[in-house]
Amino acid sequence: MDLQPPPQPSRRGRLSRIPGQLLGKNPFGGDCLPTRVRLFAPTSKRPTLPFPHPWNYERPIGILETYFWNSDSDGPSGKHNRYLELPGLDPVLVTRDPAIIRAILTATGDREGQFDRDTLPSTGIARATGPDTLLFSNGPTWRRQRKVSASPFGKTTLFQPERFHEFAETFRKTVHHRLDALQQRLSREQATELELPIEPEIKTVMLELLTNCFFGAELSYDELRTTYVPALERVISHIVRDTVSNRLGLSVEFRARFSSRLREIQRDFQIFEQLTEIVLAQRNTDRGLWKQFQSDAPDELLRSNLKVFLAGALEATTSFATWAISHLARSPLVQDRVFSEVRQLADYTPEALARAKHLGYVLEETLRLTPSLYFLPRRASTDVNVEVSDGRTLAIPAGTHILLDVWHANRHEDHWGIAKTGFPAEEFHPERWERLAAEKRESKEMLHFGFGHGARVCPGKHLGMLEVALVVGAFVKVFDFRAANHDNPAVAGVSTKPADGTRVVLTLRRDMSNDLASSDL
Ligand code: HEM
């Protein structure tokens, strides 16, 4: 597969940096200089080495944490901005400073001197979905893809009353069937409560929403649950592994000759392909939201983007919804507050959802504390001088790999702690948003970057937010639930998720069982 080569500083530029690199000269400039991270620091007790390798790639949050190990004594800018540099290679900058994250996201795009999305951390995704997708491409290809593919997911398309009504109806059916199945399981087992990991249920609902409600296919729940979801799960974990371990970029077909694991992955890729074809075939039938898709782009141009939408959106929406359920399972008072709000909801229109304020705060707080995409990768295509909104500047040399560490930025007391928001940064407190809203500080000043920011902001933001609000709202409406485990650690791959598969103990809310029977979710 012919992947786009990432922008490279000239060979001469690289060579000319070597003496400075050997002397340990800081390659950055300006007044918020990052401080250097050592490649090896055996006595420091830091979590791991500061780069992914076959023994640590399954703990990417630990790799980011390593950059900030003991950095609190490094002064105001070094504390939140760190770099790694090895002779002959481009520097790596990691920042957890929200103002710098915002400035770099704002300066990302296809114009001269703007930042690119770094392709290095997503080579596995590109090998699985295609080289020219909206997610992976840069420059004019990205601009074209954005124009062709992003509009059907936009607010103006999705929230037209008639379209929305159709979507909500199909959705209601989907969720009703799934929750009904759980209810039947409760009565079959003559149990008052049920303990189970809820992630597989949520994942299937999320895929069904995409394939059936959004793209108009008619796949059965059983096919989705037993064939498509497991195949996509294996494809996604292969993507993460492939990015780190397949440095030569060999194809699955080639590697499958030597490995039974890869032969199984090859079959999963075929299932993924089949799912993409099923969804694409609905384009001519005008079912789902394809009616809104006014484009003469050939199917061929859409195929790889559809794969990104299917795999990426499934990951991100599952992550977001399972985190919200996981936090609510540990916060009974917040759960009660959301229940008292959603029990009144007869219709899940965008207006009704907007009135469900606490549900909204829960979702904001979920994305802040446990963002689905935990870092955003960028690359400096030329030497760039970044101007931060508070007047600081940061000069970044061409070729620098930049990791915008949203996970740690959102959890640092300096940015989201008691002094700034009234609540500890590392704890789940949706009331934080109520307070910020009362102080009129919730928008521009306090960005959590849960959907990114700037020109490459998530095009599925409105669809994703809607799906998650609907699923979490309906879940709270039907079940009372508590966490099966006390702690709530994260695992991370393409996105983050609760490590225990969102294991909860469910009880059917007695006053809602009639509603479930009448399908009035
Ligand atoms: C609700 C859960 C979702 C979350 C939390 C989420 C998060 C994000 C974030 C943070 C980015 C920015 C990446 C960056 O700046 O490097 C992004 C980009 C993207 N998202 Fe989402 N997303 C979600 C749902 C969706 C859905 C439902 C779709 C499509 C159906 C989608 C498709 C995309 C695409 C194609 C991009 C790349 C856009 C570009 O680079 O121009 N996402 N998403």
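Predicted model: local features only at pLDDT ≥ 70, side-chain atom pairs only at ≥ 80, totals over all residues.
**Entry 1**

I count two strands as paired if DSSP finds at least two bridges between them. I found 3 strands in an open sheet, ordered E1-E9-E8, with antiparallel pairing. Strand E1 (29–30) and strand E8 (384–387) are the edge strands, and each pairs on one side only.

Next I followed E8 into its partner. E8 and strand E9 (residues 393–396) are antiparallel and share 4 bridges.

**Entry 2: the six-stranded sheet**

I moved on to an open sheet of 6 strands. I read its order as E2-E3-E4-E10-E7-E5, and the pairing is mixed. Which strands stand at the edges? They are E2 and strand E5 (116–117); each has a single partner strand, so one side of each is left without a neighbour in the sheet.

Inside this sheet I checked strand E3 (residues 81–84) against strand E4 (residues 92–95): they run antiparallel and are joined by 4 bridges. Leu 84 stands opposite Val 92 in E4. I then looked for what packs on the sheet and found helix H4 (residues 98–106), which touches E3, E4, strand E7 (376–379) and strand E10 (401–404). The direction of H4 makes about 125° with that of E10.

**Entry 3: the ligand shell**

Now for the ligand. I listed 25 residues around the ligand, and the closest are Ala 316, Gly 452, Cys 458, Gly 460 and Gly 464. By class, the shell has 15 nonpolar, 7 polar and 3 charged residues.

Which helices each supply at least two residues of the shell? I noted helix H13 (299–329) and helix H21 (461–478). H13 gives the largest share of the shell, 7 residues.

**Entry 4: H13 against H16**

For two packed helices, the description I want is the angle between their axes and the distance between the axes. The axes of H13 and helix H16 (residues 357–369) come within 9 Å and cross at roughly 105°. Angles of 65 to 115 degrees count as roughly perpendicular, and H13 and H16 are therefore described as roughly perpendicular to each other.

I wrote down who makes the contact: Phe 320, Trp 323, Ala 324, His 327 and Leu 328 from H13, with Val 362, Leu 363, Thr 366 and Leu 367 from H16. By class, this contact has 7 nonpolar, 2 polar and no charged residues.

**Entry 5**

I turned E11 over to compare its faces. Strand E11 (residues 479–483) has Phe 479, Phe 481 and Ala 483 on its covered face, and Asp 480 and Arg 482 on its uncovered one. E11 pairs with strand E14 (residues 503–508) in the antiparallel sense over 5 bridges, and Ala 483 stands opposite Val 504 in E14.

Then I picked out Val 491, which is found in strand E12 (residues 490–492). How many other C-beta atoms lie within 10 Å of Val 491? I got 15. A residue is buried at 20 or more and exposed at 12 or fewer, so Val 491 is partly exposed.

Leaving aside neighbours within four places in sequence, I found Val 491 in contact with Lys 497 and Ala 499. I also looked up Pro 60: Val 491 and Pro 60 are 431 residues apart in sequence, yet 8.7 Å apart in space, C-alpha to C-alpha.

**Entry 5: two positive phi values outside glycine**

Last, I checked two loops. Lys 45 lies in the loop between strand E2 (35–36) and helix H2 (60–67). Lys 45 is not a glycine, but its phi is positive, about 65°. Is Lys 45 buried or exposed? With 8 C-beta neighbours inside 10 Å, Lys 45 counts as exposed.

Gln 190 lies in the loop between helix H8 (161–188) and strand E6 (193–197). I noted a positive phi here too, near 45°, in a residue other than glycine. Gln 190 has 6 other C-beta atoms within 10 Å, so Gln 190 is exposed.

Methods:
Residues numbered from 1 in each chain as written. Near = placed C-beta within 6 Å. Nonpolar A, V, L, I, M, F, W, Y, C, P; charged D, E, K, R; others polar. Contact = placed C-beta atoms within 7 Å. Axes fitted to C-alpha atoms, helices over the stretch in contact; angles between N-to-C directions. Parallel < 35°, antiparallel > 145°, perpendicular 65-115°, else oblique.
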